[in-house]
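Please keep the sequence and the structure in view while reading.

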Amino acid sequence: MPEKHLIPEKEQINFTGEDEIETPIDFVTLGSCIIDDIYQESPPKLLYSNVLGGAGIYAALGARIFREIKGNGVDSKSVGMIVHEGCDFPVDAKVELQSWCLSSIFVRTPHRLTTRGKNVYSKEGVRDFEFLTPKIQVDHAMLSGRFLTSKSYHLICTPIRCIELVKGIMSRRKALKNEHPQWNSDQFQTPFIVWEPMEHCCRPSELQSVFEAMDFVDVFSPNDRELFALFNEDNQGEGTIAQQDLQQYCKTLLAQGFGLKPSAVVVRMGEDGCFVASHTRNVALPAYHTPLKHVKQEDRATWKNRVTDPTGGGNAFLGGYCIGLLMDEWRDLGPGLTAFEGSALVGSISASFAIEQSGMPTLSYHEGKELWNGERSLDRLDVMRERVEKLDITKVSGELFDKFSPWEVSKRSAATGTTSQRLVHRRSTIKDARTRIS
């Protein structure tokens, strides 16, 4: 049975470094921790059990990969997450999490089982997932004082819950600022909020709710299947979105969501990399392990596909993406990528480590440097920079378009069964809906 109360009593929570406000928090995910069992479909066989998983874990991993322990002026403690620890939480999983040296809040719930999932993979690599125990959500009310000063947040939820979470976070940040006027005001600047939609809410009937939720975030990031499903009733969930449709869907989202603040739609496309659309242009960027289709043949030899299990790659991408918004390492690229575009390179590196095995990558140390699967994250970022420098950005970028001449989605036509777009005035004239939260 699901729990009646979302928030346990204070004594049931282990706050790690709750009051160490001098350690800035760069990233907090409100995704969940799930303990996974992984099966092959045919013949039925259990491959791995008690594997760390869940969107929150992978997002925290993606951020942590670029936040070394006391390294280069940053700190692994700047990455925060909440873990619900049921009575059967595996000891090995907790030890592995603690080895990352995050700022973690372990919510001990001894009266319930840990959230667990079953992953079944077909021979074609298609994953089927189901929960084995009731899921418990992470709520903004669970955030400690430090977590409320974070520079970025990762959300994975429905549109309605997205709005509720952002309102709760911003309201509590405002109250905390009033309680502690002596704290540095930089700690309370408007944070970056990156929203990953739940797959089941990506359908045309939810489009208006998606537009409304986008007013409260900086980045909206569906994967390509979710984006297609958002605009099409008869979604088969397979195949590649035509480039023209991809650009049109992103234009519609940019026009109808976000308000007037700088923002981007980041479409995660697996081995095809990602598509970053803003009000000034759109850019296709590669994944780390696989090149874009137009990469020259002589340059393809440097791309080695080491993908073993794509589970969690998209979540890890967004954790790295959030950190990329705070980094400078990608800014010396010749093509002059924007922050929304350059951060995707960081996200791609985080994803690359997440998908090279089932479960989490191996963290080790050599000569005082952190290695993930035997390599440094910044070394991979250097490789990605070199690859992108060889791309002709004008060929992978869309045309500029007037941010005040956007598109609107018309009602679905019963006669044709299609959805059409037309030019209209921008839906929202609010620069940032978060500034209106009291």
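In this predicted model, R116 is buried, with a relative accessible area of 14%, and the side chain of R116 meets that of D88 in a salt bridge (3.0 Å, N to O). The pair links distant parts of the chain, since D88 lies in the loop between β5 (79-86) and α2 (91-99) whereas R116 belongs to strand β7 (residues 116-121), 28 residues apart.

**Other salt bridges**
- A search of the whole structure finds 15 salt bridges, including one between the side chains of K94 and E85 (3.2 Å, N to O), and both K94 and E85 are buried.
- R281 forms a salt bridge with E341, the closest N and O atoms being 2.7 Å apart, and this pair links distant parts of the chain, with R281 in the loop between β13 (274-277) and β14 (282-285) and E341 in helix α8 (residues 339-354), 60 residues apart.

**Burial**
- Helix α1 (residues 55-64) is largely enclosed by the rest of the structure, because ten of its ten residues are buried; among them are Y58 and R64.
- D26, in the loop between β1 (13-15) and β2 (27-29), counts as buried at 8% relative accessibility, and its side chain makes a polar contact with the side chain of R67 (2.9 Å).

**Surface charge**
- E41, E124, D128 and E130 form a negative surface patch, in which D128, found in strand β8 (residues 127-131), is partly exposed with a relative accessible area of 48%.

Methods
Residues are numbered from 1 along each chain as its sequence is written. This is a predicted model: local features need pLDDT of at least 70, side-chain atom pairs count only at pLDDT 80 or more; totals for chains, interfaces and linings use all residues. Side-chain values use heavy atoms; hydrogens and water are left out. Patches are made of residues with over 30% relative accessible area and no salt bridge: like charges are joined within 9 Å, nonpolar side chains (Val, Leu, Ile, Met, Phe, Trp, Tyr) within 5 Å. Accessible areas come from the Shrake-Rupley method with a 1.4 Å probe; for residues, only the protein chains shown count as cover. A salt bridge is a side-chain nitrogen of Lys or Arg within 4 Å of a carboxyl oxygen of Asp or Glu. Lys and Arg count as positive and Asp and Glu as negative; His and the chain ends are not counted. The place of a charge is taken as NZ of Lys, CZ of Arg, CG of Asp or CD of Glu. Helices (H or I, at least four residues) and strands (E, at least two) are DSSP runs, numbered from the N terminus. Buried means under 20% relative accessible area, exposed over 50%, partly exposed in between (1.4 Å probe, protein chains only). A polar contact is a pair of N or O atoms within 3.5 Å; within protein, one must be able to donate a hydrogen and the other to accept it, and residues adjacent in sequence count only if both atoms are side-chain atoms.
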